[in-house]
Amino acid sequence: METIRLRTPFEVSDTPLSEYPRPQFARDSYMTLNGKWDYAILRKSESFNGNYQGKILVPFSPESLLSGLPEGTIVTPDDVLYYHRTFDIPAEFIKAHTFIHFDAVDFECKVAINGVTVGEHSGGYMPFCLDISGAVRSGENVIELAVTDPTDTSYHTHAKQATKRGGIWYTPQSGIWQSVWLESVPEIYLKDVTIVPDIDNNTVNFKFEKSADAPVDVIVLDGDRVMAQAICDGNEISVPLSEYELWCPENPKLYDLAFKIGKDIVKSYFGMRKFSWVTDSKGFKRMGLNNKPYFHTGVLDQGYWSDGMLTPPSNAALEYDVKLVKSMGFNMIRKHIKIEPLRWYYHCDKEGILVWQDMVTGGSKYKFMYIGGFAVALNIHIKDNTEKGYKRLARQDKEGRDEFEREVRITMNYLKNCVSLSTWVAFNEGWGQFDSVRITKDMQAIDPTRLIDSVSGWNDQGKGTSDTKSLHIYFTPIVMPKDKRCILLSEFGGYSIKTKGHVFSPNKSFGYRIYKSPEKYAAAFKKLYEKRIIPNIANGLSATVYTQVSDVEEEINGLVTYDRKVVKLNTDMVKALNAKLVIKD
């Protein structure tokens, strides 16, 4: 099948994505290891003799155009991907503890520094950090990785990657695909902070994890103005705020923070907002923002780029997508089956875009009849808490179920302070779904400050089992069910048009409804919102998620092309439609 490797317009430097990667927990201590590394790809049966095959541009995976590797490079489940590079550390950089951060490596890896194995990790979408204090030194250092990736040949997390790509399933990729970076901290340092705004009591609450029992100085800032200051002698403190603006998409007001413990200084930020379930004057359960019903008009976002695949070519690319969605009048993005670099969430916080965050899916081979075929057509919902249900929904491996729950906890902790993140999405369309009622309750206990869409799409576990009735409707009329839960249209649309010169697969395209002219495409989009979406708000519809932000490979239902060079719909027209999506209470 013919495919074309398209480039986005974003400039890629020799040290890509070098901006500080963690805006909500920022230190002056920072060294990026992004850039050119040595690489080799060998069969598992071959012994590696230390001879590398060329250079790869980290953090782009070998399969991507931006990696610099030959077209068609694939790391198969039978391969080992080896990485190597040298780097210099100034003597003044090294303090009591030095850490290396890998924001994502797909899937399993072993890491060595200067010939010393410093750690191993499993989980292709999960960030991890290793203490390398005993191995690193001032001057020249050597880092080596050995990576393997089963893709979708096991129960492990694989998301939208497939060894046999096509339609809504995409080319697999492997290895390092998010930033690699170093930081060094003194003996007494701040390990973590949980920030919880409370608009009902006019406070912002902090919970600290520290390396030692020492006080933390807390400063709340509005620009250069100190709004509040306190000293936390224990692990938790509540800081009152007398005057502040509420954060919302229409007014994404952020406040700065500074924490000092010993010689360690960390900078952060927060927004004063509240997510909750509310009931409107007609008795419909709604998603609430700052104690009022708020309609979420959103768009599904796979987070793929034509040249970097899962990896954005630059920080400007991350910012572009968020600002494009905002310019069209949407107030929400559903981040689909992927965790982005933390800077993406920062752009959502800053621009005022609510985020629904999907958990990354795994499980063994999916059976179409249970996740999207006859069961959906006949409105049959598989019970997901029995051995039969586990097997039907590709979760018969207990190790895989345990892995998913572990990664849920990691994901929720990693993104807990993101201001814009309003909603966790536990499961999508039955992909590896299991024990959803219990897992939703566990997630509510971990984070009671956000909303949860338990089962997005189908295999709903029945009335009273969750707060949402979450619908995916592409081919049938959009009708609101009689259900006391909050009704979400968590996927719909998918209208498609092929944009000549900007498609990955010229000879094969996928879309839910494909139009041949821009005029018919625009008219159908407009009619969909005017006839099917806007009228149903009065019938209890509380949120919509249009599919999708961009084309991905042969899936051509994006608002913008895969290479981000052509926006397919008139921005003002879409913005005018979105302006009508409000709850009149």
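I am working from a predicted model, where local features need pLDDT of at least 70, side-chain atom pairs count only at pLDDT 80 or more, and totals for chains, interfaces and linings use all residues. Residues are numbered from 1 along each chain as its sequence is written, and side-chain values use heavy atoms, with hydrogens and water left out.

**Entry 1, the chain.** I looked up the secondary structure and found 9 helices and 32 strands; these are DSSP runs numbered from the N terminus, helices being H or I with at least four residues and strands E with at least two. The radius of gyration is 24 Å, close to the 25 Å from the globule rule for 585 residues, so the chain is as compact as a globular protein of that length. That radius is taken over C-alpha atoms, and the rule is 2.2 Å times the number of residues to the power 0.38. I also noted that the C-alpha trace spans about 65 × 65 × 50 Å along its principal axes.

The chain exposes about 23100 Å², and carbon and sulfur atoms supply 50% of that.

I found Arg-85 in strand β4, residues 79-89. Which side chain of opposite charge is nearest to Arg-85? It is Asp-88, 8.1 Å away, and the buried Arg-85 has no salt bridge (a side-chain nitrogen of Lys or Arg within 4 Å of a carboxyl oxygen of Asp or Glu). For charge, Lys and Arg count as positive, Asp and Glu as negative, while His and the chain ends are not counted. I did see a polar atom of the Arg-85 side chain 3.0 Å from the backbone oxygen of Leu-33. Beyond neighbours within four places in sequence, Arg-85 is in contact with residues including Leu-33, Trp-37 and Val-142.

His-84 is buried, because its relative accessible area is 17%. Leaving aside neighbours within four places in sequence, its contacts include Trp-37, Asp-38, Tyr-52 and Glu-144.

I located Asn-51 in the loop between β2 (35-43) and β3 (54-58). Is Asn-51 buried or exposed? Asn-51 counts as exposed, because its relative accessibility is 51%. Its C-alpha atom lies 9.4 Å from that of Asp-38, 13 residues apart along the chain.

Note on methods:
Buried < 20%, exposed > 50% of the residue type's maximum accessible area, 1.4 Å probe, protein only. Polar contact = N/O pair within 3.5 Å; in protein donor to acceptor, adjacent residues only side chain to side chain. Contact = heavy atoms within 4.5 Å. Areas by Shrake-Rupley, 256 points an atom, 1.4 Å probe, with all protein chains shown as cover.
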